[in-house]
Amino acid sequence: MSTLSRIFLVITICFTSFSWGQELEAVTEILSKVEARYSNSDQYTMEVLYQYFEPSQGEKAVETMEGLIIKDGSNYYSKIHNTETVFINTDYIKINHDEKAVLYGLMDMEQRPSPVELSKLSAYFTSAEVFQKGDIARFELLFKESNMVPYRKMALTVNLKTYEILKQELFLIAGQQMPGGQNPLARTSDGIVSVSFKEIPFSKKDSKRFLISDYIQKGAQVSLSKKLATYSLYQ
């Protein structure tokens, strides 16, 4: 399994720099507005580019994956490379096209993800620095040493006018257990996971991704749709 698949979770512009040091609370307040922008939006579509960089390879990404994130009311869709995850009301469906496997279950509405979940990490920040040019700001947040977080730093590039996130970068601590990894022996390098976001107009095609009949048939028993008939179903 690739490094990006295991991590699953992201500027080379010359910014004017100033440090907020003791103002970490003010920084996290701004970041909470970024998170709220997406949790409070009824609809959006985002193209996503996932890249993994190793220091020894310079500025060339050693791994790249394309993705897509769509929200439509209470429904949520994401795709990373050949894996799709769909939340349709309380139905949860994960499709791994490489392994031809479908995982199905039920999940509370509160458990569905958001492309920006900063509040879960805010307790681990120890300091912040901001680089700003016009409406664009890059927040560099250092993490406290913790076994819970395998990162030393996170950088977020944000449009301060719209609170739109443009890029997230996670700087890994070498030697930590790989986050999300199924292999307990897998260890991180001191690489960087970069995730770039680009919002595009929501379309009718996006809403069609939430037709549950395209994925499963619900009756006395749950079965796969004709489109996925050759896949294995796990519940």
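Me: Which backbone nitrogen does the side chain of Asn96 reach, and at what distance?

Reply: Start with the ground rules: this is a predicted model, where local features need pLDDT of at least 70, side-chain atom pairs count only at pLDDT 80 or more, and totals for chains, interfaces and linings use all residues. Residues are numbered from 1 along each chain as its sequence is written, and side-chain values use heavy atoms, with hydrogens and water left out. A polar contact is a pair of N or O atoms within 3.5 Å; within protein, one must be able to donate a hydrogen and the other to accept it, and residues adjacent in sequence count only if both atoms are side-chain atoms. Here the Asn96 side chain gets to the backbone nitrogen of Asp98, at 3.0 Å.

Me: Where does Asn96 sit, and what is it in contact with?

Reply: Helices (H or I, at least four residues) and strands (E, at least two) are DSSP runs, numbered from the N terminus. Asn96 belongs to strand β6 (residues 91-96). Contact means heavy atoms within 4.5 Å. If you skip the neighbours within four places in sequence, Asn96 is in contact with Asn82, Thr83, Ala101 and Tyr231.

Me: How many salt bridges does a search of the whole structure find?

Reply: A salt bridge is a side-chain nitrogen of Lys or Arg within 4 Å of a carboxyl oxygen of Asp or Glu. The search turns up five. One of them pairs Arg37 with Glu199, with the closest N and O atoms 2.6 Å apart. That pair ties distant parts of the chain together: Arg37 is in helix α2 (residues 24-39) and Glu199 in strand β12 (residues 192-200), 162 residues apart.

Me: Which salt bridges does Glu140 form with Arg138 and Lys153, and how far apart are the atoms?

Reply: For Arg138 and Glu140 the closest N and O atoms are 2.9 Å apart, and for Glu140 and Lys153 they are 3.7 Å apart. Arg138 is buried at 9%, Glu140 at 16% and Lys153 at 16%. Shared partners join Arg138, Glu140, Lys153 and Glu169 into one salt-bridge network.

Key: Buried < 20%, exposed > 50% of the residue type's maximum accessible area, 1.4 Å probe, protein only.
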